[in-house]
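Let's go through this structure together, asking at each step what stands behind the words used for it. Have the sequence and the 3D view at hand.

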Amino acid sequence: MFRRRPEAAPTLAIRVDGVAVPARAGESVAAAMLAAGLLRFRDAPAGGAPRGPYCMMGACFDCLVTIDGVGNRQACLETVREGMAVETQSGPRALAR
Amino acid sequence: MADEFDIAVVGGGLVGAALAWGASGAGRRVALLDEGDLALRAARANFALVWVQGKGLGLPDYAAWTARSAAAWPDLAAALGGETGIDVRYGRPGGLHLALSEAELERRAAWLGRLHNQSPPYTVRMLDRAETARLLPAIGPDVVGASFCPDDGHCDSLRLFRALHAGFQRRGGRYRADSAVDGIRHAGGEFRLATKRGEIRAAKLVLAAGLGNARLAPMVGLAAPVRPQRGHILVTERVAPFLAHPLATLRQTGEGSVMIGDSQEEAGFDTGVDTGVAAAIAARAVRAFPLLARANVVRSWAALRVMTGDGFPIYEQSAACPGAFLATCHSGVTLAAAHATVLAPQIAAGALAPELGVFSARRFDVPAAA
Ligand code: FES
């Protein structure tokens, strides 16, 4: 669905659900995931429908993922870091973890 | 051109909607007149609690009225569900009031003890920390105990509001938006209400306009000494269920959002959010449940409760203009069942029961010193 432009070649790697995903310094977690063909970021807490980024600018909250153990982070607003651990979410965030 | 009704209810919030729904049906023509979008809307300050514990000290009739409404709530929820298909998500798991210090616990126990002496049998009991933790495993180290009342419950107040309006219209009621009442004349046994969308004529009139009642009541020979009392509400993102019981100041909705509301402020008609107040509310919530420190707040707002001098409701029929009734309170959710199933039929029949006499605004008339 999305392709990287030649000048946007990956420079580092994050992990999404334990799998290495290439990313480029300065881009958002959402951009890296979309470029890797990952479209399902979470299931909606009410109804369970699959969700992914919609606005890419912090307004819709549809891109929520768990980042380094903290749930409900907006993937479109978080900048990638080498070794960052991202998890897709299912259902409501558990505060206890 | 005038529209004629048997009953006109002024105020489309929770109180007005409950009374209008309860008074409609049986062939009665009922109108519900609502203000515009910029109305103050006390319903926005509501916390969706159907709450019994702690209420009524100083007025046993109010304790009884609250308990009666809470007892009628299961039937209200069932009736609304049956008529409208809307599940208002009522549940009565019992509610708690947490104490974050020994002094708070003692004050709470003393208050409830006085209430018990005034209005027995009072079903609240005090819990120590271990008993509290059995009901609410997520409490933090600062929680020393709680009061627990098995009669306390909660609902989804947005669904309640929608169900009352939908039920009212299914029963043949006429809802009119953007119809603030500018003037009321009483002549020839009927009320003529001036709105910018035309005149409404009705044999009976119910003033359920919240803070607006202060302006409207004198038009029909009544008094509504009410003032705004501000409350802040914070709402978190949806999180996995961790709270099986509602608290007086904190509850988790069916969808998983956590509502936090813990302020009573005298701020006039200012509905602005005070970040200092919001921060204090959040800090106390985190002391009660440390895991909330990780939750994101997604919405916060402030709204105005409708408060009388003693905090109790006013229900009264005008002596000067018979057929004009006043209804005002700050617990529109808890009292929705009593309003719909007890008060509304009395209004429709034209007389309040003698037992409601204590709720007359005449109690605020201070006799002149001898
Ligand atoms: S994609 Fe809309 S907030 Fe992230």
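Q: Leaving aside its neighbours within four places in sequence, what is B:Ala336 in contact with?
A: The model here is predicted. In it, B:Ala336 is in contact with B:Ala18, B:Ser69, B:Trp73, B:Leu76 and B:Leu160, once neighbours within four places in sequence are set aside. B:Ala336 itself belongs to helix 8 of chain B.

Q: Why is B:Ala336 called buried?
A: Buried means under 20% relative accessible area. B:Ala336 has 0% relative accessibility, so it counts as buried.

Q: How far apart are B:Ala336 and B:Ser69 in sequence and in space?
A: In sequence, 267 residues separate B:Ala336 from B:Ser69, while in space they are 7.2 Å apart, C-alpha to C-alpha.

Q: What makes helix 2 of chain B roughly perpendicular to helix 8 of chain B?
A: Take the angle. The axes of helix 2 (residues 60-84) and helix 8 (residues 336-349) of chain B cross at roughly 85° and come within 7 Å. Angles of 65 to 115 degrees count as roughly perpendicular, and that is why helix 2 of chain B is described this way relative to helix 8 of chain B.

Q: Which residues of helix 2 of chain B meet helix 8 of chain B?
A: From helix 2 of chain B come B:Trp65, B:Arg68, B:Ser69, B:Ala72, B:Trp73 and B:Leu76. Among the residues they meet in helix 8 of chain B are B:His339, B:Thr341 and B:Leu343. The residues of this contact divide into 10 nonpolar, 3 polar and 1 charged.

Q: How do you know that helix 1 of chain B is mostly covered?
A: Count its buried residues: 10 of the 10 in helix 1 (residues 14-23) of chain B are buried. They include B:Leu14, B:Ala18 and B:Trp21. Helix 1 of chain B is followed by B:Gly25, whose phi is positive, near 90°.

Q: Why is strand 4 of chain B called largely enclosed by the rest of the structure?
A: Of the 5 residues of strand 4 (residues 95-99) of chain B, 4 are buried, so the strand is largely enclosed.

Q: What makes strand 4 and strand 6 of chain B a pair?
A: Strands pair if there are at least two bridges between them. Strand 4 and strand 6 (residues 145-149) of chain B have 5 bridges, in the antiparallel sense. Within this pairing, B:His97 stands opposite B:Ser147.

Q: What joins the side chains of B:Glu104 and B:Arg284?
A: A polar contact of 2.9 Å joins them, and the cut-off for such a contact is within 3.5 Å. B:Glu104 lies in helix 3 (residues 102-118) of chain B. Leaving aside neighbours within four places in sequence, B:Glu104 is also in contact with B:Leu98 and B:Ala99.

Q: Why are strand 2 and strand 6 of chain A said to stand at the edges?
A: Their sheet is open, with 5 strands in the order 2-1-7-5-6 and mixed pairing. Strand 2 (19-23) and strand 6 (70-74) of chain A each have a single partner strand, so one side of each is left without a neighbour in the sheet. Neighbouring strands of this sheet are turned by 40° against each other on average, direction ignored.

Q: In which sense do strand 5 and strand 6 of chain A pair?
A: Strand 5 (residues 64-67) and strand 6 of chain A pair in the antiparallel sense over 3 bridges. A:Ile67 has A:Val70 as its bridge partner in strand 6 of chain A.

Key:
Residues numbered from 1 in each chain as written. Chains lettered and ligands numbered in written order. Predicted model: local features only at pLDDT ≥ 70, side-chain atom pairs only at ≥ 80, totals over all residues. Heavy atoms only, no water. Buried < 20%, exposed > 50% of the residue type's maximum accessible area, 1.4 Å probe, protein only. Helix = DSSP H or I, 4+ residues; strand = E, 2+ residues; numbered from the N terminus. Polar contact = N/O pair within 3.5 Å; in protein donor to acceptor, adjacent residues only side chain to side chain. Contact = heavy atoms within 4.5 Å. Axes fitted to C-alpha atoms, helices over the stretch in contact; angles between N-to-C directions. Parallel < 35°, antiparallel > 145°, perpendicular 65-115°, else oblique. Nonpolar A, V, L, I, M, F, W, Y, C, P; charged D, E, K, R; others polar.
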